[in-house]
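Here is a short briefing on one protein chain. Look over the sequence and the model first, then read the points below.

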Amino acid sequence: MGNISYDFAGKSVVVTGAARGIGQAIARHFVQANATVFMVDYDKDELVESAAAVGAVGIAADVSNTDDVERVVSTVVEETGRIDIVVNNAGILRDKVLWKITDDDWEQVLKVHAGGTFRFTRAAVPHFRTQQFGRVINITSYTGLRGNRGQANYATAKAGIIGFTKTAAKELAAFGVTVNAISPNAATRMTATIPEEKLTELTGPIARLADPSEMADAICFLASEEAGYITGVVLPVDGGVSM
């Protein structure tokens with residue numbers, strides 16, 4: 001976190017898609033900043049190991065399933081009395097050119113990305129209203145604005161998250177809730193398979209992929225008291241690749 005030290009003591013944080021990569025880095029940052037962190041992932045085995053390593057609570061759940069989402073939020077509130085910060089990071093890829101995308105490929109990607117973001121935000125709102133405080137940070141992608149070959153489903157879902165972020169920001173501001181998004185560009189397990197010559201297309205003027213912890217830095221800022229006057233923003237944390 002550089003020279004800035006946020007303190008989230010007394011705050012309850014939910015991070016979805018948290019078993020690895022950016023999600024795990026986000027969870028670790030919040031733990032280090034004294035929050036009570038609940039890591040959510042579909043992959044139960046990997047989640048248990050990851051949560052233990054981070055020092056968080058792991059809850060296996062399918063973000064596209066309303067009952068699972070409500071169970072997670074209820075568990076968080078039962079254990080801590082509140083839910084303060086929701087980071088909607090969960091996502092899947094089913095990349096194919098559009099004429100080869102099946103109905104299931106299309107629906108599953110939208111259900112996890114856009115559907116999960118909607119469901120977790122909706123489930124947290126009653127508690128945000130009671131508290132008159134909340135932070136929602138969604139993970140979108142520049143692909144949602146510019147498109148990408150083989151990712152019609154993913155691009156549609158990420159574009160939807162941008163629209164959702166701005167709408168939720170307008171609707172929830174009256175309850176002391178900010179809703180923002182980041183557009184990341186980090187080295188993850190997915191980028192590890194990309195050939196070196198192709199990686200140059202994914203980096204901007206800074207000419208490197210970020211470490212996942214650099215995405216977590218931005219998210220902790222947006223979740224902080226210091227960012228209380230920022231809402232409805234999609235913050236590119238991408239080394240300038242989207243310029």
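UniProt lists "domain: Ketoreductase" for residues 11–185, in an unreviewed entry. UniProt positions follow the numbering used here, feature names are shortened, and annotations may be inferred rather than shown by experiment. Over residues 11–185 the chain is 53% helix and 19% strand. The end C-alpha atoms of that stretch are 27 Å apart.

This is a predicted model, where local features need pLDDT of at least 70, side-chain atom pairs count only at pLDDT 80 or more, and totals for chains, interfaces and linings use all residues. Residues are numbered from 1 along each chain as its sequence is written, and side-chain values use heavy atoms, with hydrogens and water left out.

**Helix H1 against helix H8**

- H1 covers residues 21–32 and H8 residues 212–223. Helices (H or I, at least four residues) and strands (E, at least two) are DSSP runs, numbered from the N terminus.
- Their axes lie 8 Å apart, at an angle of about 50 degrees. Axes are lines fitted to C-alpha atoms, for helices over the stretch in contact, and angles run from 0 to 180 degrees between N-to-C directions.
- H1 and H8 are therefore oblique to each other. Angles under 35 degrees count as roughly parallel, over 145 as roughly antiparallel, 65 to 115 as roughly perpendicular and the rest as oblique.
- Residues in contact (heavy atoms within 4.5 Å) include Ile22, Ala25 and Phe30 of H1 and Met215, Ile219 and Cys220 of H8.

**Helix H4 against helix H6**

- H4 (residues 103–131) and H6 (residues 152–172) pack at about 15 degrees, with axes 8 Å apart. That makes H4 roughly parallel to H6.
- Among the contact residues are Trp106, Leu110 and Phe118 of H4, and Tyr154, Ile161 and Phe164 of H6.

**Aromatic pairs**

- Rings of Phe, Tyr and Trp (its six-membered ring) pair if their centres lie within 6.5 Å; planes under 30 degrees apart count as stacked, over 60 as edge-to-face and the rest as tilted.
- The count by this rule is three aromatic pairs.
- Phe8 and Phe30 have ring centres 5.0 Å apart and planes at 65 degrees, so the pair is edge-to-face.
- Phe8 sits in the segment before strand E1 (12–16), and Phe30 in helix H1, 22 residues apart.
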